[in-house]
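Open the model in your viewer and keep the selection tool at hand. This tour tells you what to pick next and what is there.

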There are 4 protein chains.
Amino acid sequence: MDFSHSAKARDYLQRTQAFMNDKVLPAEEQYYQALSTSADHNDWQQPAIVEELKAQARSEGLWNMFLPCEEWGAGLTNAEYAPIAEANGWSLMAPEVFNCNAPDTGNSEVLWKYGSEEQKEQWLKPLLAGEIRSAFCMTEPDVASSDATNMEATCIVEGDEIVLNGRKWWSSGIGHPNCKFAIFMGISNPDADRHHRHAMVLVPLDTPGIKIERMLSVMGDYDAPFGHGEVSFTDVRLPLSAFIGGPGRGFEIAQGRLGPGRIHHCMRLIGSAEKALKLLCERGMTRTAFGKPLVKLNGNPDVIANARIGIEQARLLTLKAAWLMDTKGIMGAMSEVSQIKVVAPNVAQQIIDAAIQIHGGGGLSDDFPLTRMLAMARVLRLADGPDEVHRGLIAKFELMKYRHLAQKKG
Amino acid sequence: MDFSHSAKARDYLQRTQAFMNDKVLPAEEQYYQALSTSADHNDWQQPAIVEELKAQARSEGLWNMFLPCEEWGAGLTNAEYAPIAEANGWSLMAPEVFNCNAPDTGNSEVLWKYGSEEQKEQWLKPLLAGEIRSAFCMTEPDVASSDATNMEATCIVEGDEIVLNGRKWWSSGIGHPNCKFAIFMGISNPDADRHHRHAMVLVPLDTPGIKIERMLSVMGDYDAPFGHGEVSFTDVRLPLSAFIGGPGRGFEIAQGRLGPGRIHHCMRLIGSAEKALKLLCERGMTRTAFGKPLVKLNGNPDVIANARIGIEQARLLTLKAAWLMDTKGIMGAMSEVSQIKVVAPNVAQQIIDAAIQIHGGGGLSDDFPLTRMLAMARVLRLADGPDEVHRGLIAKFELMKYRHLAQKKG
Amino acid sequence: MDFSHSAKARDYLQRTQAFMNDKVLPAEEQYYQALSTSADHNDWQQPAIVEELKAQARSEGLWNMFLPCEEWGAGLTNAEYAPIAEANGWSLMAPEVFNCNAPDTGNSEVLWKYGSEEQKEQWLKPLLAGEIRSAFCMTEPDVASSDATNMEATCIVEGDEIVLNGRKWWSSGIGHPNCKFAIFMGISNPDADRHHRHAMVLVPLDTPGIKIERMLSVMGDYDAPFGHGEVSFTDVRLPLSAFIGGPGRGFEIAQGRLGPGRIHHCMRLIGSAEKALKLLCERGMTRTAFGKPLVKLNGNPDVIANARIGIEQARLLTLKAAWLMDTKGIMGAMSEVSQIKVVAPNVAQQIIDAAIQIHGGGGLSDDFPLTRMLAMARVLRLADGPDEVHRGLIAKFELMKYRHLAQKKG
Amino acid sequence: MDFSHSAKARDYLQRTQAFMNDKVLPAEEQYYQALSTSADHNDWQQPAIVEELKAQARSEGLWNMFLPCEEWGAGLTNAEYAPIAEANGWSLMAPEVFNCNAPDTGNSEVLWKYGSEEQKEQWLKPLLAGEIRSAFCMTEPDVASSDATNMEATCIVEGDEIVLNGRKWWSSGIGHPNCKFAIFMGISNPDADRHHRHAMVLVPLDTPGIKIERMLSVMGDYDAPFGHGEVSFTDVRLPLSAFIGGPGRGFEIAQGRLGPGRIHHCMRLIGSAEKALKLLCERGMTRTAFGKPLVKLNGNPDVIANARIGIEQARLLTLKAAWLMDTKGIMGAMSEVSQIKVVAPNVAQQIIDAAIQIHGGGGLSDDFPLTRMLAMARVLRLADGPDEVHRGLIAKFELMKYRHLAQKKG
């Protein structure tokens, strides 16, 4: 039992924290001013400051830290990368600066593990170099995507081509000026069982038949320059080499993809919750009502105590999940990954909400970053599986211990 | 004990509901398309549809229903108006259509009860005619406004003039093209005790020295065409007749103003919660995951049951508070008004959040009205007194029953 | 909309409250000292004080107030009786004193509505005279009784006899020295559909074949002199006249029986919650820590405020359910009755738990009545249907509004 | 970051678990049957089975595992002992079997660290041999003991004697037939500052002037053969050598004493919560309602998922606190110890309550161990500091990070 980080993790963490404090956080105001609020992604531009910071981060080796592979990334384990993801969680612009932003991270992992040499050369290299961005096209507007087997889009082999058809939404990142390809998930083998019916396909975005129909807002924000696209695919034709790993392997790949991604999201949310608690305490120490600083009024100490407890517990559970993934593989961490996916967004949402409350009206305005942070936490109670699905999985894993008690139906 | 509405209330309610269903709700899309998203209120316009609907509502007598006075309003009691406010709560554009929108309602009540004949003639009449709009300038950016005695702006008598100085924010409605005056609250009698130090002053917005510094966003939305202004007052000079009720009476007037207003807000939130529950059920009945409609999956029936219970209880408590206000006056309803102010926004926030959850990603987008509804509920956990202050008041009222047990300090 | 009680209700309420304060509450210590803690109900005796108080209550007309019938009871409506039940809720010994204790109340209603003249004469009369007590034998140890259709005990007609077989438990009141009969529910028509398969049978307890196997404890307490029996029925033979209302009508009768009973339970719990809040405030006003009375420390004012809100809401909802039952019948109050059955026990449990907390260790001891009150509240989250079943019913009623949206299965 | 237990911890844990499963759990029925339910501790006896199991545990080296000292105990660190305490938490009789029961553990630690050689020889040796038991006399009936500085009992030096006066309660263990001494805490230095005013004194229970006034029940149970005594001390005279560590050091010693004790309690509660979850799942798998096993009905999978999440988080946080105590000392674990003291009892109380709910009425009876487990969890929301005090401490530690922002009072 040892709760301390490895020397390697501590080194990366300290350098990342210093970079965050010295460069990223001070750049936030400039970043947000450069962002478009337009609903039309054609108006969006990458803020220059991001490319500057990316170059610096890369030169300092704070780059692709998420990839547990020495050749392509920093070679940190999940448990070692986790605290760095938390540090990144203090700024919504940070993940791109360190080339550790979703969905590029998940897409990189997929290509690293399952991609062909050609796919790696053509797409993974520039992605890990930060030269291009990518999207992931999975959920669909016409079905409840909480059940992934509902997916209806198709990627059917016709002769020596794959033909894509269907409509996707919440294709995050697809509005980015640098976004060049997407990973598309759809039905490749309609007659197979429900977990071997889908495939992942690498789709260059300039392929004919792809149309970004519109950008979707999240709590009123279009999240430029990334954005969340609704995208139609109409007879999009690709060579067979566009399959990742081959037809029918979509769920297998998705499962491997989502484990680390959920840990990244959860750790960033913990960073966000820590920031919210800091803002709460600072505001509450410096504002006075009824003769006392707000932090001492009525239930506010309880709010602070509960926030601290919630953060500590969520962090430990996420680190445990990461450690399990490192030591027992994704299958050995299934319940824990679902557990953190329930815990971290809810804890973050509650603490950010509490911080808004102590800020009064100001907390709801753009004078503070709280509502943006709230939107991110709220999204993550849905993205990568809603709370309800994860709770269902946790119960299922728990009850497997008692399956010998299941009653025969008569 | 009789839980049925009076015949008069039923008549107004049925006509209001019909008007909502036939005219207001179908106009929402047109309304939202006409709204500016600009941060600069000079770009804002009143959507034509609102004036059309106002004219129709007025011609049908569905007008100023909030004012419990037969001469100036519909003459409904608070308990009779409450269900009508709930009906209005189904659309964020409805209150203005029926000339029942904050802060005009509260300002009208203040002028009706405390205004001079001249003030009534010049300002109340056009306000109740829907020709002009108004604002209320109370909270300040530099202090914790949860403690109203923190207020620092001044309205000092100098000779035969009142001189206003200070900075206000969250002056809601001040961005409206039709907004012509504000009620300003500030220190008039700096040497009086803390509850007799303030006054309310009627300020025409074209008086020199008033400057709208900027509009504040609420969860990213500027709420055009009303808006929430940050406003500076620099040596704004007004005649003594601009006092409402006279110097030193600010708190007395504020208390009377806020009681009915809180009931209106709470009933509208209950309408909003009912709408959210309806959307939740409709979406959940028509989407399927894991072989079942969402409403039957795992804990979703509990979500629905808890929502129904929450709404029923919040409504009954708000009606009781309205009835107490009608039968025992504002002083006889103090605890209950604080109770509903805690309950209704929290119930609404939870149910709207649950509705978002069952809508999946779509629930966070502008495809549904849920995030706008959420913002309104969230605001009302702060506006008109944060939850914390109201809980403190409720406890204070409760403990007054036991004050004979208070220990003498040695 | 009128939240005041009728003159008749006010009169009964004031006299009941006076009787409670002057006679019942002062007698509690004597009562509890007279109670046996033995697990063997043969050791139990009716405390003399109860019979004395019963005689007084009866002579003052505070007797059978639960029965909405002028001939047999006080003729109060459910809404009129509700506040009286709340008053009784301040003492666990009160219901028997006023001859308003479960399950005698429910059994009386059943006999009043469905009993034969002979049954009324022989059993209802002495029951309403307080001369005998009764039990209700419904739930069974071998099945999940939350689903009443699981019931397996039988009451089959053989020739001119009914033959009872099966094992029941939680037969409350069966240990009372005065308990003379039970109403037994079992399968009379095994081939009928699941809601017309059961019957209710009136069983004198001295009939051969009935054996009280043991008494069950509730949180360690055997609840003398009433008790909760596990009872076996082995070839218990009764004349056909022992059916109440006839075979196959068990569920129909049960439904009518449970509506008012649930309202009584809920109102008594509200009385219990009020008492707990009073104890909480009194203790908290008179104990000091860290230089302040406990009621002013940290989150304690919030605890008090939330308790007040919880009680007010639960009471209003219960009164509304009672009013609906009076004005629309049991079918018009189904959802509301389930709602209060969820709300009241949970609110009471929480407030009693909070009161224990503020009493410190003492709150868990017999120096205060809190743990007994807690046990009663906790029981009622299970008795008469667990929370889960009622939430399920509420959701079902809610979703019936949207049944037109149900998707056809393909 | 390594979440695995040390080899030494694993060895002890496996042997403890085997002993629990093979010997302790099967003996529980016999144990409970041997216990008296009398309120008079003079009727109590040590069940023979306990002494048998103690002898076996001792012979297998599963003895005094709590004491992080190789000479007197097993020499396990806090982090190593923690999982063993969890294993013990599956049975309320287990701690005594392994000689690891409170308050003997805390008293042993105090004597080990602060006791004189004479005290160790005379009292610590037989205590660690399991030959005698001990009590801890701290809280007092007349003051709010949540603020330990309220303590009023005295232990004043008069000449060459210490004279004890005062009244203590919740002196747990004092009813045990083998209880031979108590550690008494009281005011020794009335003129010192509030944290140096108290002392701990070792009091043989046969000293004249000590009277056990009565035993206190906990949720109706007297907890024989340990019990919770109310004890009066009237001019109890002891030699000066009875001080532990000397006058004025009471708080210093108490702080060191409570840290490990809280970790033990929390880990045992986690064991109790695991057991409750197991019982919940087993019952829910084998009972059917509405055509499904209970574990699949409505919100029950969520209950299971939330229980699993709650346990995992509480365990990790407690292990972290233990690790901090081992690596940074009690001062480096202050906030975390308070955090677990809030979390573990609440998590256990909720899960046990949920298990009761799924057991239906049976869960409240003595057919299952759940209500006894509930009482233990509930007690620990008060014992060793109520939730409220610990939340206050956690907030205080958090706000120390921001003390530079504290505003000067004018």
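Begin with chains D and A. 100% of the interface residues of chain D are also interface residues in chain A, so the copies meet through the same surface. Here, two residues are in contact if their C-beta atoms, placed from the backbone, lie within 7 Å.

A note before going on. This is a predicted model, in which local features need pLDDT of at least 70, side-chain atom pairs count only at pLDDT 80 or more, and totals for chains, interfaces and linings use all residues. Residues are numbered from 1 along each chain as its sequence is written, while chains are lettered from A and ligands numbered from 1 in the order in which they are written.

**Stop 1: chain D against chain A**

Select both chains. On chain D, 39 residues are in contact with 39 residues of chain A. Now color the helices of chain D. Helix H7 (250-286), helix H8 (300-328), helix H9 (334-359) and helix H11 (387-400) of chain D are the elements that give two or more residues to the side touching chain A. Helices (H or I, at least four residues) and strands (E, at least two) are DSSP runs, numbered from the N terminus. H8(D) provides the largest share of that side, 13 residues.

What is the side of chain D that touches chain A made of? Its residues divide into 23 nonpolar, eight polar and eight charged. Ala, Val, Leu, Ile, Met, Phe, Trp, Tyr, Cys and Pro count as nonpolar, Asp, Glu, Lys and Arg as charged, and the others, Gly among them, as polar.

**Stop 2: chain D against chain B**

Switch to chain B. Four residues of chain D are in contact with four residues of chain B. On chain D, the residues of this side are one nonpolar, two polar and one charged.

**Stop 3**

Chain A has 12 helices and nine strands. Its C-alpha atoms fill a box of roughly 80 × 65 × 45 Å, taken along the principal axes. Of its 410 residues, 60% are buried (20 or more other C-beta atoms within 10 Å of a residue's own, with C-beta atoms placed from the backbone).

**Stop 4: the domains of chain A**

Color three ranges: domain 1 (7-128), domain 2 (134-248) and domain 3 (251-402). These bounds come from an automatic or database domain assignment. The C-alpha centres of domain 1 and domain 2 of chain A lie 23 Å apart. Between them, 20 residues of domain 1 are in contact with 21 residues of domain 2. On the domain 1 side, helix H5 (104-114) and helix H6 (117-128) of chain A each give two or more residues. H5(A) gives the most, with five residues.

**Stop 5: the annotated spans**

Select residues 14-131 of chain A. An unreviewed UniProt entry labels them "domain: Acyl-CoA dehydrogenase/oxidase N-terminal". This span is 60% helix and 0% strand. Then select residues 135-236 of chain A, which UniProt (unreviewed entry) labels "domain: Acyl-CoA oxidase/dehydrogenase middle". Here the span is 0% helix and 51% strand, and its end C-alpha atoms lie 16 Å apart. UniProt positions are given in the numbering used here, feature names are shortened, and annotations may be inferred rather than shown by experiment.

Methods. A residue is buried if 20 or more other C-beta atoms lie within 10 Å of its own, exposed if 12 or fewer, and partly exposed in between; C-beta atoms are placed from the backbone.
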